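Reader: I'm new to this one. Can you walk me through what's inside?

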Amino acid sequence: MITNGFNIKTIDEATIAGKKVLLKVDFNVSLTKKLTIADDARIRQALPTIRYLLNQGNRLILVSHFGRPKERDSHFSLKIVAEHLHKLLPKYKVTLIDDFLSRKGKKEIAQQKKDEIVMLENIRFYKGESENDPGFAKELASLADVYVNDAFGAIHRPHASVVGLPKYLPSYAGLLLKEEIEMLSQVIKNPKKPLIAILGGSKISTKINLINKLMELSDFILVGGGLANTFLAAQGINIGKSLFEKECLNVAKDIITKLEEKHCKLLLPEDAVVGDPNDLGKQSMVYKIEKVPQDDSILDIGPETQIKYGAIIHKAKTIVWNGPVGLFENPQFRHGTDYIYYAITHTSGTISIVGGGDTLAAISKKEYLNKITHISTGGGAMLEFIEKGTLPGIEALKHVS
Ligand code: ADP
Ligand code: MG
(Lines give C-alpha, C1' and ligand atoms only; values in the text may rest on other atoms or scores of the structure.)
(Ligands and ions follow the chains in the order given, each with its own letter.)
Protein backbone atom coordinates (compact mmCIF):
# COMPACT_ATOMS: atom_id res chain seq x y z
CA MET A 1 0.00 0.00 0.00
CA ILE A 2 1.38 3.38 -0.88
CA THR A 3 1.93 5.49 2.21
CA ASN A 4 0.16 8.79 2.81
CA GLY A 5 -3.26 7.24 2.56
CA PHE A 6 -3.31 6.14 -1.05
CA ASN A 7 -5.12 2.87 -1.03
CA ILE A 8 -3.56 1.43 -4.16
CA LYS A 9 -1.29 -1.54 -4.69
CA THR A 10 2.16 -1.27 -6.20
CA ILE A 11 3.79 -4.03 -8.24
CA ASP A 12 6.34 -4.79 -5.52
CA GLU A 13 3.52 -5.58 -3.08
CA ALA A 14 1.78 -8.03 -5.39
CA THR A 15 2.73 -11.27 -7.05
CA ILE A 16 2.58 -10.67 -10.74
CA ALA A 17 4.37 -13.52 -12.46
CA GLY A 18 4.02 -15.31 -15.79
CA LYS A 19 1.30 -12.89 -16.85
CA LYS A 20 0.61 -10.70 -19.85
CA VAL A 21 0.94 -7.20 -18.45
CA LEU A 22 -0.35 -4.09 -20.15
CA LEU A 23 2.07 -1.47 -18.92
CA LYS A 24 1.18 2.18 -19.38
CA VAL A 25 4.36 4.25 -19.74
CA ASP A 26 5.17 7.85 -20.59
CA PHE A 27 7.55 7.64 -23.55
CA ASN A 28 6.56 11.07 -24.80
CA VAL A 29 10.19 12.09 -25.43
CA SER A 30 11.23 15.28 -27.19
CA LEU A 31 13.09 15.07 -30.49
CA THR A 32 15.98 17.07 -31.91
CA LYS A 33 15.70 18.99 -35.20
CA LYS A 34 17.26 15.94 -36.86
CA LEU A 35 14.44 13.81 -35.41
CA THR A 36 16.61 11.85 -32.99
CA ILE A 37 15.67 11.49 -29.31
CA ALA A 38 16.80 14.66 -27.51
CA ASP A 39 16.68 13.16 -24.04
CA ASP A 40 15.82 9.54 -23.23
CA ALA A 41 15.21 10.18 -19.51
CA ARG A 42 11.53 9.30 -19.80
CA ILE A 43 12.39 5.91 -21.28
CA ARG A 44 15.12 5.18 -18.74
CA GLN A 45 12.88 6.16 -15.85
CA ALA A 46 10.48 3.36 -16.75
CA LEU A 47 13.25 0.76 -16.82
CA PRO A 48 13.06 -0.27 -13.14
CA THR A 49 9.40 -1.24 -13.56
CA ILE A 50 10.03 -2.88 -16.93
CA ARG A 51 12.94 -4.91 -15.56
CA TYR A 52 11.05 -5.82 -12.39
CA LEU A 53 8.11 -7.21 -14.37
CA LEU A 54 10.34 -8.98 -16.91
CA ASN A 55 12.32 -10.63 -14.12
CA GLN A 56 9.09 -12.16 -12.82
CA GLY A 57 8.58 -13.87 -16.16
CA ASN A 58 5.86 -11.52 -17.41
CA ARG A 59 5.33 -10.56 -21.02
CA LEU A 60 4.93 -6.81 -21.47
CA ILE A 61 2.68 -4.84 -23.76
CA LEU A 62 3.71 -1.21 -23.52
CA VAL A 63 1.23 1.59 -24.12
CA SER A 64 2.31 5.21 -24.51
CA HIS A 65 1.34 8.39 -26.26
CA PHE A 66 3.75 10.50 -28.25
CA GLY A 67 3.05 14.14 -29.09
CA ARG A 68 -0.44 15.34 -29.84
CA PRO A 69 -1.53 13.80 -33.16
CA LYS A 70 -5.15 14.40 -34.15
CA GLU A 71 -5.21 11.14 -36.11
CA ARG A 72 -2.83 8.44 -37.38
CA ASP A 73 0.27 10.33 -38.54
CA SER A 74 3.68 8.74 -39.18
CA HIS A 75 5.43 11.83 -37.77
CA PHE A 76 4.16 10.72 -34.40
CA SER A 77 5.17 7.07 -34.67
CA LEU A 78 6.79 5.41 -31.66
CA LYS A 79 9.18 3.53 -33.98
CA ILE A 80 12.22 5.54 -32.88
CA VAL A 81 11.30 4.90 -29.23
CA ALA A 82 10.89 1.16 -29.80
CA GLU A 83 14.34 1.03 -31.42
CA HIS A 84 15.83 2.94 -28.52
CA LEU A 85 14.24 0.67 -25.95
CA HIS A 86 15.83 -2.32 -27.67
CA LYS A 87 19.23 -0.60 -27.32
CA LEU A 88 18.61 -0.20 -23.59
CA LEU A 89 17.40 -3.81 -23.21
CA PRO A 90 19.43 -5.63 -25.89
CA LYS A 91 18.35 -9.10 -24.74
CA TYR A 92 14.78 -8.32 -25.68
CA LYS A 93 13.32 -7.94 -29.11
CA VAL A 94 10.98 -4.92 -29.19
CA THR A 95 8.08 -5.29 -31.60
CA LEU A 96 6.04 -2.23 -32.51
CA ILE A 97 2.44 -3.16 -33.31
CA ASP A 98 1.16 -0.89 -36.03
CA ASP A 99 -2.53 -1.42 -35.19
CA PHE A 100 -3.49 -3.64 -32.27
CA LEU A 101 -7.12 -3.68 -33.45
CA SER A 102 -6.23 -5.28 -36.79
CA ARG A 103 -6.14 -9.03 -37.28
CA LYS A 104 -2.40 -8.87 -38.01
CA GLY A 105 -1.76 -6.86 -34.84
CA LYS A 106 -3.81 -9.22 -32.67
CA LYS A 107 -1.94 -12.20 -34.09
CA GLU A 108 1.47 -10.62 -33.43
CA ILE A 109 0.48 -9.92 -29.83
CA ALA A 110 -0.90 -13.43 -29.33
CA GLN A 111 2.39 -14.90 -30.57
CA GLN A 112 4.57 -12.76 -28.29
CA LYS A 113 7.68 -14.64 -27.12
CA LYS A 114 9.23 -14.58 -23.65
CA ASP A 115 12.16 -12.52 -24.85
CA GLU A 116 9.97 -10.07 -26.71
CA ILE A 117 8.49 -6.76 -25.58
CA VAL A 118 5.46 -5.58 -27.47
CA MET A 119 4.84 -1.84 -27.88
CA LEU A 120 1.56 -0.54 -29.24
CA GLU A 121 1.78 2.30 -31.74
CA ASN A 122 1.01 5.79 -30.38
CA ILE A 123 -2.19 5.34 -28.40
CA ARG A 124 -3.40 8.80 -29.41
CA PHE A 125 -3.79 7.52 -32.98
CA TYR A 126 -7.09 6.17 -31.64
CA LYS A 127 -9.99 8.52 -30.90
CA GLY A 128 -11.24 6.19 -28.17
CA GLU A 129 -8.18 7.05 -26.10
CA SER A 130 -8.83 10.72 -25.37
CA GLU A 131 -12.60 10.15 -25.41
CA ASN A 132 -12.15 7.45 -22.77
CA ASP A 133 -14.43 5.20 -24.79
CA PRO A 134 -15.34 2.09 -22.74
CA GLY A 135 -15.36 -0.10 -25.86
CA PHE A 136 -11.84 0.99 -26.66
CA ALA A 137 -10.68 0.39 -23.08
CA LYS A 138 -12.19 -3.12 -23.27
CA GLU A 139 -10.29 -3.82 -26.50
CA LEU A 140 -7.07 -2.82 -24.77
CA ALA A 141 -7.92 -4.83 -21.68
CA SER A 142 -8.54 -7.95 -23.77
CA LEU A 143 -4.84 -8.03 -24.67
CA ALA A 144 -3.60 -8.67 -21.12
CA ASP A 145 -4.21 -10.23 -17.70
CA VAL A 146 -3.00 -7.34 -15.60
CA TYR A 147 -2.70 -3.54 -15.95
CA VAL A 148 0.17 -1.53 -14.50
CA ASN A 149 0.39 2.25 -14.68
CA ASP A 150 3.85 3.78 -14.47
CA ALA A 151 3.13 6.89 -16.51
CA PHE A 152 3.10 9.70 -13.97
CA GLY A 153 3.43 12.25 -16.79
CA ALA A 154 0.02 11.20 -18.13
CA ILE A 155 -1.72 10.42 -14.84
CA HIS A 156 -3.76 13.65 -14.89
CA ARG A 157 -5.40 12.76 -18.22
CA PRO A 158 -8.85 11.15 -18.06
CA HIS A 159 -8.04 8.90 -21.03
CA ALA A 160 -8.91 5.25 -21.72
CA SER A 161 -5.40 3.92 -21.08
CA VAL A 162 -5.21 5.88 -17.80
CA VAL A 163 -8.64 5.77 -16.16
CA GLY A 164 -10.62 3.37 -18.37
CA LEU A 165 -8.46 0.25 -18.18
CA PRO A 166 -8.51 -0.27 -14.40
CA LYS A 167 -12.24 -1.00 -14.67
CA TYR A 168 -11.52 -4.19 -16.58
CA LEU A 169 -8.22 -5.57 -15.23
CA PRO A 170 -6.52 -6.10 -11.87
CA SER A 171 -4.52 -2.88 -11.64
CA TYR A 172 -1.33 -1.73 -9.95
CA ALA A 173 1.01 1.24 -9.76
CA GLY A 174 4.54 0.86 -11.13
CA LEU A 175 7.70 1.83 -9.25
CA LEU A 176 8.06 5.26 -10.84
CA LEU A 177 4.46 6.18 -10.10
CA LYS A 178 4.97 4.99 -6.53
CA GLU A 179 8.05 7.19 -6.11
CA GLU A 180 6.31 10.24 -7.59
CA ILE A 181 3.31 9.85 -5.28
CA GLU A 182 5.47 9.31 -2.21
CA MET A 183 7.81 12.22 -2.91
CA LEU A 184 5.16 14.73 -3.90
CA SER A 185 2.90 13.72 -0.99
CA GLN A 186 5.70 14.71 1.38
CA VAL A 187 5.39 18.26 0.16
CA ILE A 188 1.63 18.43 0.50
CA LYS A 189 1.02 16.42 3.64
CA ASN A 190 3.92 16.93 5.96
CA PRO A 191 6.60 19.21 4.59
CA LYS A 192 9.70 20.00 6.60
CA LYS A 193 9.66 23.75 7.18
CA PRO A 194 10.59 26.22 5.97
CA LEU A 195 9.12 25.28 2.61
CA ILE A 196 10.24 27.52 -0.23
CA ALA A 197 8.48 27.45 -3.59
CA ILE A 198 10.18 28.94 -6.62
CA LEU A 199 7.89 29.68 -9.52
CA GLY A 200 8.79 30.93 -12.96
CA GLY A 201 7.72 30.33 -16.52
CA SER A 202 5.91 32.47 -18.98
CA LYS A 203 2.33 32.55 -17.74
CA ILE A 204 0.51 33.08 -14.48
CA SER A 205 -2.79 31.86 -15.96
CA THR A 206 -1.68 28.19 -16.00
CA LYS A 207 -0.44 28.35 -12.42
CA ILE A 208 -3.10 30.27 -10.48
CA ASN A 209 -4.53 27.26 -8.65
CA LEU A 210 -1.05 26.06 -7.88
CA ILE A 211 -0.12 29.42 -6.34
CA ASN A 212 -3.31 29.37 -4.25
CA LYS A 213 -2.35 25.95 -2.91
CA LEU A 214 1.31 26.82 -2.39
CA MET A 215 0.43 29.85 -0.31
CA GLU A 216 -1.20 27.48 2.18
CA LEU A 217 1.89 25.29 2.36
CA SER A 218 4.89 27.54 1.83
CA ASP A 219 6.79 30.04 3.92
CA PHE A 220 8.10 31.86 0.86
CA ILE A 221 7.14 31.90 -2.81
CA LEU A 222 9.97 33.30 -4.92
CA VAL A 223 8.69 34.44 -8.28
CA GLY A 224 10.48 35.07 -11.57
CA GLY A 225 9.86 34.85 -15.30
CA GLY A 226 6.84 36.20 -17.15
CA LEU A 227 4.83 35.17 -14.09
CA ALA A 228 6.57 37.83 -12.02
CA ASN A 229 5.88 40.48 -14.66
CA THR A 230 2.12 40.12 -14.21
CA PHE A 231 2.50 40.57 -10.44
CA LEU A 232 4.73 43.61 -10.96
CA ALA A 233 2.28 45.17 -13.41
CA ALA A 234 -0.57 44.49 -10.96
CA GLN A 235 1.33 46.60 -8.42
CA GLY A 236 1.51 49.47 -10.87
CA ILE A 237 5.17 49.01 -11.76
CA ASN A 238 6.09 49.98 -15.31
CA ILE A 239 7.44 46.83 -16.95
CA GLY A 240 8.04 48.29 -20.43
CA LYS A 241 7.41 45.76 -23.19
CA SER A 242 7.77 42.71 -20.94
CA LEU A 243 5.60 39.66 -21.46
CA PHE A 244 2.66 39.70 -19.06
CA GLU A 245 -1.01 38.71 -18.99
CA LYS A 246 -3.29 41.70 -18.96
CA GLU A 247 -6.37 39.56 -18.30
CA CYS A 248 -4.75 38.22 -15.13
CA LEU A 249 -3.95 41.54 -13.44
CA ASN A 250 -6.96 41.21 -11.15
CA VAL A 251 -6.10 37.63 -10.31
CA ALA A 252 -2.57 38.73 -9.43
CA LYS A 253 -3.98 41.52 -7.22
CA ASP A 254 -6.29 39.01 -5.51
CA ILE A 255 -3.38 36.73 -4.76
CA ILE A 256 -1.39 39.58 -3.25
CA THR A 257 -4.38 40.55 -1.06
CA LYS A 258 -4.97 36.97 0.05
CA LEU A 259 -1.32 36.64 0.98
CA GLU A 260 -1.65 39.45 3.50
CA GLU A 261 -3.69 37.09 5.68
CA LYS A 262 -1.28 34.18 5.33
CA HIS A 263 2.09 33.75 6.90
CA CYS A 264 3.48 33.01 3.42
CA LYS A 265 5.54 35.76 1.77
CA LEU A 266 5.61 36.24 -1.99
CA LEU A 267 8.80 37.82 -3.26
CA LEU A 268 9.15 39.59 -6.61
CA PRO A 269 12.31 40.57 -8.48
CA GLU A 270 13.97 43.79 -7.31
CA ASP A 271 16.17 44.06 -10.36
CA ALA A 272 16.11 42.53 -13.81
CA VAL A 273 18.16 41.74 -16.86
CA VAL A 274 16.51 43.67 -19.61
CA GLY A 275 16.73 43.38 -23.39
CA ASP A 276 14.84 42.85 -26.62
CA PRO A 277 13.65 39.25 -27.23
CA ASN A 278 13.41 39.97 -30.94
CA ASP A 279 16.87 41.48 -31.30
CA LEU A 280 19.43 38.94 -30.12
CA GLY A 281 22.31 41.25 -31.01
CA LYS A 282 21.19 43.89 -28.54
CA GLN A 283 23.30 44.04 -25.39
CA SER A 284 21.40 43.10 -22.22
CA MET A 285 21.48 45.48 -19.25
CA VAL A 286 20.65 45.26 -15.55
CA TYR A 287 18.10 47.70 -14.13
CA LYS A 288 16.33 48.21 -10.82
CA ILE A 289 12.78 47.01 -11.29
CA GLU A 290 11.29 50.53 -11.08
CA LYS A 291 13.67 51.77 -13.78
CA VAL A 292 13.01 49.33 -16.62
CA PRO A 293 13.10 51.37 -19.88
CA GLN A 294 9.81 51.75 -21.69
CA ASP A 295 11.03 50.06 -24.90
CA ASP A 296 12.69 47.04 -23.27
CA SER A 297 11.55 43.72 -21.78
CA ILE A 298 12.40 42.04 -18.50
CA LEU A 299 13.99 38.76 -19.56
CA ASP A 300 15.71 37.47 -16.41
CA ILE A 301 16.03 38.17 -12.70
CA GLY A 302 18.92 40.49 -11.85
CA PRO A 303 21.96 39.89 -9.60
CA GLU A 304 20.48 41.46 -6.46
CA THR A 305 17.38 39.30 -6.81
CA GLN A 306 19.59 36.24 -7.30
CA ILE A 307 21.43 36.91 -4.03
CA LYS A 308 18.21 37.58 -2.15
CA TYR A 309 16.49 34.45 -3.48
CA GLY A 310 19.67 32.41 -2.95
CA ALA A 311 19.85 33.38 0.74
CA ILE A 312 16.25 32.27 1.29
CA ILE A 313 16.79 29.03 -0.61
CA HIS A 314 19.74 28.24 1.68
CA LYS A 315 17.44 28.33 4.70
CA ALA A 316 14.91 25.93 3.18
CA LYS A 317 14.19 22.44 4.45
CA THR A 318 11.88 21.73 1.52
CA ILE A 319 12.10 23.29 -1.93
CA VAL A 320 9.67 23.05 -4.82
CA TRP A 321 10.81 24.54 -8.12
CA ASN A 322 8.84 24.89 -11.32
CA GLY A 323 9.52 27.29 -14.15
CA PRO A 324 12.64 29.00 -15.51
CA VAL A 325 12.99 32.53 -14.10
CA GLY A 326 14.10 33.96 -17.45
CA LEU A 327 14.10 33.49 -21.19
CA PHE A 328 16.70 30.75 -20.70
CA GLU A 329 16.66 29.69 -24.37
CA ASN A 330 18.82 32.78 -24.97
CA PRO A 331 22.18 32.43 -23.13
CA GLN A 332 22.10 36.14 -22.18
CA PHE A 333 19.03 35.46 -20.04
CA ARG A 334 19.73 32.11 -18.43
CA HIS A 335 21.96 33.22 -15.53
CA GLY A 336 19.07 33.61 -13.11
CA THR A 337 17.80 30.10 -13.84
CA ASP A 338 21.35 28.74 -13.48
CA TYR A 339 21.68 30.55 -10.19
CA ILE A 340 18.45 29.06 -8.82
CA TYR A 341 19.62 25.61 -9.89
CA TYR A 342 23.01 26.05 -8.21
CA ALA A 343 21.44 27.46 -5.06
CA ILE A 344 19.10 24.47 -4.79
CA THR A 345 21.78 21.87 -5.47
CA HIS A 346 24.25 23.48 -3.06
CA THR A 347 21.87 23.60 -0.12
CA SER A 348 22.39 20.56 2.08
CA GLY A 349 19.86 18.75 4.24
CA THR A 350 16.99 19.88 2.05
CA ILE A 351 14.31 17.92 0.25
CA SER A 352 14.17 19.40 -3.23
CA ILE A 353 11.53 18.67 -5.81
CA VAL A 354 11.88 19.99 -9.34
CA GLY A 355 9.58 19.54 -12.31
CA GLY A 356 8.31 21.05 -15.54
CA GLY A 357 9.20 20.39 -19.16
CA ASP A 358 11.02 23.67 -19.70
CA THR A 359 12.53 23.67 -16.23
CA LEU A 360 14.19 20.32 -16.92
CA ALA A 361 15.24 21.43 -20.40
CA ALA A 362 16.86 24.47 -18.80
CA ILE A 363 19.00 22.37 -16.45
CA SER A 364 19.42 19.01 -18.14
CA LYS A 365 23.02 19.46 -19.23
CA LYS A 366 24.41 20.16 -15.81
CA GLU A 367 26.31 18.06 -13.34
CA TYR A 368 24.45 18.48 -10.04
CA LEU A 369 21.19 16.80 -10.99
CA ASN A 370 21.88 14.00 -8.51
CA LYS A 371 21.75 16.56 -5.68
CA ILE A 372 18.06 17.12 -6.35
CA THR A 373 15.98 14.81 -4.16
CA HIS A 374 13.29 14.22 -6.74
CA ILE A 375 13.04 15.24 -10.36
CA SER A 376 9.43 14.81 -11.30
CA THR A 377 8.72 13.18 -14.65
CA GLY A 378 5.42 15.02 -14.94
CA GLY A 379 5.27 18.74 -15.60
CA GLY A 380 1.53 19.37 -15.67
CA ALA A 381 0.90 16.25 -13.59
CA MET A 382 3.24 17.41 -10.82
CA LEU A 383 1.61 20.83 -10.61
CA GLU A 384 -1.88 19.33 -10.59
CA PHE A 385 -0.94 16.77 -7.98
CA ILE A 386 0.40 19.45 -5.64
CA GLU A 387 -2.74 21.48 -6.26
CA LYS A 388 -5.31 18.70 -5.83
CA GLY A 389 -3.56 16.05 -3.75
CA THR A 390 -4.59 13.30 -6.15
CA LEU A 391 -5.19 12.78 -9.89
CA PRO A 392 -7.65 10.84 -12.06
CA GLY A 393 -5.25 8.00 -12.90
CA ILE A 394 -4.42 7.49 -9.21
CA GLU A 395 -8.09 7.46 -8.23
CA ALA A 396 -8.76 4.93 -10.99
CA LEU A 397 -6.23 2.53 -9.48
CA LYS A 398 -7.88 2.80 -6.09
CA HIS A 399 -11.25 1.24 -6.46
CA VAL A 400 -10.30 -2.00 -8.13
CA SER A 401 -7.24 -3.26 -6.33
P1 ADP B 1 7.63 24.55 -17.37
O2 ADP B 1 7.47 23.87 -18.71
O3 ADP B 1 8.92 24.16 -16.70
O4 ADP B 1 6.42 24.39 -16.49
P5 ADP B 1 6.74 27.05 -18.45
O6 ADP B 1 6.25 26.35 -19.67
O7 ADP B 1 5.72 27.58 -17.51
O8 ADP B 1 7.78 26.13 -17.65
O9 ADP B 1 7.61 28.31 -18.89
C10 ADP B 1 8.81 28.22 -19.61
C11 ADP B 1 8.95 29.36 -20.57
O12 ADP B 1 8.91 30.61 -19.90
C13 ADP B 1 10.28 29.32 -21.29
O14 ADP B 1 10.07 29.18 -22.67
C15 ADP B 1 10.92 30.67 -20.96
O16 ADP B 1 11.61 31.25 -22.04
C17 ADP B 1 9.72 31.51 -20.61
N18 ADP B 1 10.09 32.68 -19.83
C19 ADP B 1 10.60 32.72 -18.58
N20 ADP B 1 10.84 34.00 -18.20
C21 ADP B 1 10.47 34.79 -19.23
C22 ADP B 1 10.44 36.21 -19.43
N23 ADP B 1 10.89 37.06 -18.50
N24 ADP B 1 9.98 36.67 -20.61
C25 ADP B 1 9.53 35.81 -21.55
N26 ADP B 1 9.51 34.47 -21.42
C27 ADP B 1 9.98 33.96 -20.27
MG1 MG C 1 6.44 24.44 -20.53
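This is a predicted model: local features need pLDDT of at least 70, side-chain atom pairs count only at pLDDT 80 or more; totals for chains, interfaces and linings use all residues.

Reader: Start with the core. How many residues does the largest nonpolar core have?

Author: The largest nonpolar core has 75 residues. Those with the most contacts inside it are Phe100, Leu120, Leu140, Phe152, Ile221, Phe231 and Phe385.

Reader: Which residues does leucine 120 touch, sequence neighbours aside?

Author: Beyond four places in sequence, leucine 120 is in contact with Ile61, Leu62, Val63, Leu78, Leu96, Ile97, Phe100, Ile109, Leu140 and Leu143.

Reader: What about a second core?

Author: It is separate and has 30 residues. Phe27, Leu62, Leu85 and Val146 are included in it.

Reader: Now helices. Which residues of H6 are buried?

Author: Helix H6 covers residues 134-141, and its buried residues are Phe136, Ala137, Leu140 and Ala141. Viewed down the axis of H6, these buried residues fall within an arc of 140°, so they line one face of the helix.

Reader: Why would residues three or four places apart point the same way?

Author: An α-helix has 3.6 residues a turn, so residues at that spacing point the same way.

Reader: Switching topic. Where is isoleucine 289?

Author: Isoleucine 289 sits in the loop between strand E11 (285-288) and strand E12 (297-301).

Reader: Is isoleucine 289 buried or exposed?

Author: Buried, because its relative accessibility is 4% and the cut-off is under 20%. Not counting residues up to four places away in sequence, isoleucine 289 touches Leu232, Ile237, Asn238, Pro269, Glu270, Asp271, Ala272 and Ile298.

Reader: How far apart are isoleucine 289 and aspartate 271?

Author: In sequence, 18 residues. In space, 4.6 Å from C-alpha to C-alpha.

Reader: And threonine 95, where is that found?

Author: Threonine 95 is in strand E3, residues 93-97. Threonine 95 is buried, at a relative accessible area of 11%. Leaving aside neighbours within four places, threonine 95 contacts Glu108, Glu116, Ile117, Val118 and Met119.

Reader: Last one. How many cavities of 30 Å³ or more?

Author: One cavity. The largest cavity has a volume of about 60 Å³.

Reader: Which residues line the largest cavity?

Author: Val25, Asp26, Phe27, Arg42, Gln45, Ala46, Asp150, Gly153, Leu176 and Thr377. That lining divides into four nonpolar, three polar and three charged residues.

How values were computed: Residues are numbered from 1 along each chain as its sequence is written. Chains are lettered from A and ligands numbered from 1 in the order in which they are written. Side-chain values use heavy atoms; hydrogens and water are left out. On a 1 Å grid over the protein atoms alone, a cavity is a set of points where a 1.4 Å probe fits but cannot get out, and a pocket is an open set with protein on both sides within 12 Å along at least five of seven lines; lining residues have an atom within 4 Å of a point. Grid points are joined across faces, edges and corners, and a volume is the space filled by probe spheres set on the points. Ala, Val, Leu, Ile, Met, Phe, Trp, Tyr, Cys and Pro count as nonpolar, Asp, Glu, Lys and Arg as charged, and the others, Gly among them, as polar. Buried means under 20% relative accessible area, exposed over 50%, partly exposed in between (1.4 Å probe, protein chains only). Helices (H or I, at least four residues) and strands (E, at least two) are DSSP runs, numbered from the N terminus. The arc is that of the directions from the helix axis to the C-beta atoms. Contact means heavy atoms within 4.5 Å. A nonpolar core is a set of buried Ala, Val, Leu, Ile, Met, Phe, Trp, Tyr and Cys residues joined through side-chain atoms within 4.5 Å.
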